[in-house]
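Student: I have a new structure to look at. Could you walk me through it?
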Amino acid sequence: MRKAMRLRNKMTLWYTALTFLITVVFCLMLYFITNNVLEGMLEWEVRLSMQQVIAQIENEHGMLTFENEVPVSSTSMFFITEENGSELASYGEDITIFDQVPVKENVLRKVKGETGEWLLLDSEPVNVGHFVLRVRVAASYALHHQVLSTLRILFLAGVPLMTLIALAGGFVIAKRSLRPIRKIINSAEIISQGDLSERIPATHAKDELGELTGTLNRMLSSVDTAFVREKRFTSDASHELRTPIAVIRAYTETLMSEPGLTADQQDSLQTILTECMRMQKIISQLLTITRGQEGRYPICIETIRLDAICESISEAMAEQLTAKNMCFECAIPNNFEIQADQSLITQMLLNLVENAIKYGKYGGNIFLSAAKEDEQNIITLRDDGTGIPKDALPHIFDRFYRVDSSRDRSGTGLGLSIVQWIVLVHGGRIHVESDLGKGTTFYVFIPSTFVLLDHSNGSL
Ligand code: ADP
């Protein structure tokens with residue numbers, strides 16, 4: 001896949017390309033204007049020389065005299081002939097180079113001689129007494145060409161130099177102007193990991209970036225407030241529901257022990273009791289979640305023995321395991337110690353084992369093991385139960401998500417959310433692999449060295 005170009009590089013390239021274009025256009029304009037001005041000056045020089053030369057020819061008592069002064073420019077030359085072609089006077093190094101050039105009266109022409117290019121002008125016949133003369137003046141393009149070639153050298157060196165300066169300058173300017181955006185991105189990354197209390201560092205500049213920072217921070221504050229309010233509501237609601245549910249359960253249990261109840265009444269009371277217990281489970285799980293989110297869950301990190309926890313889980317689950325005739329094998333080495341919160345890790349394994357039983361087949365097997373590898377503890381729980389469909393796998397850690405909620409009413413859809421939160425507060429991660437109809441394996445990675453994380457970091 002083609003990698004997108006970074007904004008800083010894009011800005012630098014645009015800036016450089018624009019400077020290059022402007023410099024080239026400017027140089028071309030300067031070149032053509034200089035060329036035109038020099039051309040105009042040369043024309044003016046030739047015409048003026050022609051006037052000077054003609055003014056110097058005099059007829060003194062039937063004799064032609066010529067003052068033979070140099071023309072306007074030393075780069076010009078002239079040639080005066082009589083009507084029959086015989087030379088009367090001349091100035092210049094080698095005017096004969098134009099001998100082959102036919103006369104064209106009053107027409108400025110560019111001609112090439114051995115000594116370079118010349119601008120040539122022939123006069124109309126000049127009558128001095130009874131003499132009829134012709135004057136030819138030429139001015140050299142040498143200086144003109146020299147100026148233009150110096151300009152060309154300057155441009156050829158100047159344009160790449162200007163482009164390089166623009167490239168370096170553009171890079172520095174783009175980097176400086178995008179620095180606040182980098183800060184915004186870094187803060188946004190922290191926020192996107194779940195820390196809504198993070199704010200983008202305020203810039204004091206009163207420009208668009210300053211405005212953007214302010215607006216984003218205000219938006220974050222209101223999202224944070226709404227989020228805290230929502231968490232508080234769930235926590236308060238769960239807390240408030242605890243007592244009425246406990247009362248309903250107590251009265252139901254009392255009623256059930258009353259003599260003389262019909263089978264239908266017994267059934268109805270049993271349903272109420274089952275739903276009460278389910279509700280109590282949801283409430284207690286919701287409280288765990290919201291307390292975790294609010295960072296109010298007391299976490300106590302100590303050295304704990306995983307093999308001992310495994311034993312206690314095996315005991316706690318004995319009844320359920322027997323009910324499904326399942327075998328729970330715990331292959332955790334003796335004295336397998338990790339740095340973690342005892343009650344949370346127990347809760348995490350209980351949830352996973354409970355699921356393995358719930359979604360395991362009658363007479364199935366559950367296998368729990370642990371190993372240390374590359375500075376981390378890997379806990380593996382494998383079962384040979386129903387398995388999880390591929391399309392459901394990305395969602396199983398979502399709150400209230402259940403693969404088949406219609407079939408089984410005992411689940412709440414919160415167990416794996418809690419598992420994921422527990423793993424995250426320990427700085428670890430969880431991975432699941434499943435084959436539909438064959439079984440599921442959960443891998444929990446807990447770092448050997450514990451790094452205290454914000455309790456609310458787990459995305460519940
Ligand atoms: P529940 O209370 O429904 O078990 P969980 O959050 O614990 O909720 O699990 C979410 C869903 O993931 C379950 O509804 C179930 O479909 C699926 N699941 C979890 N563990 C297993 C497992 N070991 N085998 C098969 N499916 C599982």
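Student: Which domains does the domain assignment of the protein give?
Tutor: The domain assignment gives domain 1 (9-148), domain 2 (208-293) and domain 3 (302-447). Such bounds come from an automatic or database domain assignment. Please note that this is a predicted model, in which local features need pLDDT of at least 70 and side-chain atom pairs count only at pLDDT 80 or more, while totals for chains, interfaces and linings use all residues. Residues are numbered from 1 along each chain as its sequence is written, and side-chain values use heavy atoms, with hydrogens and water left out.

Student: What distance separates the centres of domain 1 and domain 2?
Tutor: Taken over C-alpha atoms, the centres of domain 1 and domain 2 are separated by 103 Å.

Student: Which residues touch the most other members of the largest nonpolar core?
Tutor: They are Leu306, Ile345, Met348 and Leu349, in a core of 48 residues. Helix H7 (residues 342-358) supplies the largest share of this core, 8 residues. At least three residues of the core come from each of domain 2 (208-293) and domain 3 (302-447).

Student: What do the terms mean?
Tutor: A nonpolar core is a set of buried Ala, Val, Leu, Ile, Met, Phe, Trp, Tyr and Cys residues joined through side-chain atoms within 4.5 Å. Buried means under 20% relative accessible area, exposed over 50%, and partly exposed in between (1.4 Å probe, protein chains only). Helices (H or I, at least four residues) and strands (E, at least two) are DSSP runs, numbered from the N terminus.

Student: Which residues does Leu306 touch?
Tutor: Not counting residues up to four places away in sequence, Leu306 touches Ile332, Phe336, Ile338, Ile345, Leu349, Ala370 and Ile379. Contact here means heavy atoms within 4.5 Å.

Student: Back to H7: which residues in H7 are buried?
Tutor: Among them are Leu344, Ile345, Met348, Leu349 and Asn355.

Student: Is Ser238 buried or exposed?
Tutor: Ser238 counts as buried because its relative accessibility is 3%. Ser238 lies in helix H3 (residues 208-256) and touches Ile283, Leu286 and Leu287, not counting residues up to four places away in sequence.

Student: Now the ligand: which residues come nearest?
Tutor: Of the 20 residues around the ligand (a heavy atom within 4 Å), Asn355, Tyr359, Asp383, Thr412 and Leu416 come nearest. An oxygen atom of the ligand is 2.8 Å from an N or O atom in the side chain of Tyr359. For Gly413, a polar backbone atom is 3.0 Å from an oxygen atom of the ligand.

Definitions and conventions: Polar contact = N/O pair within 3.5 Å; in protein donor to acceptor, adjacent residues only side chain to side chain.
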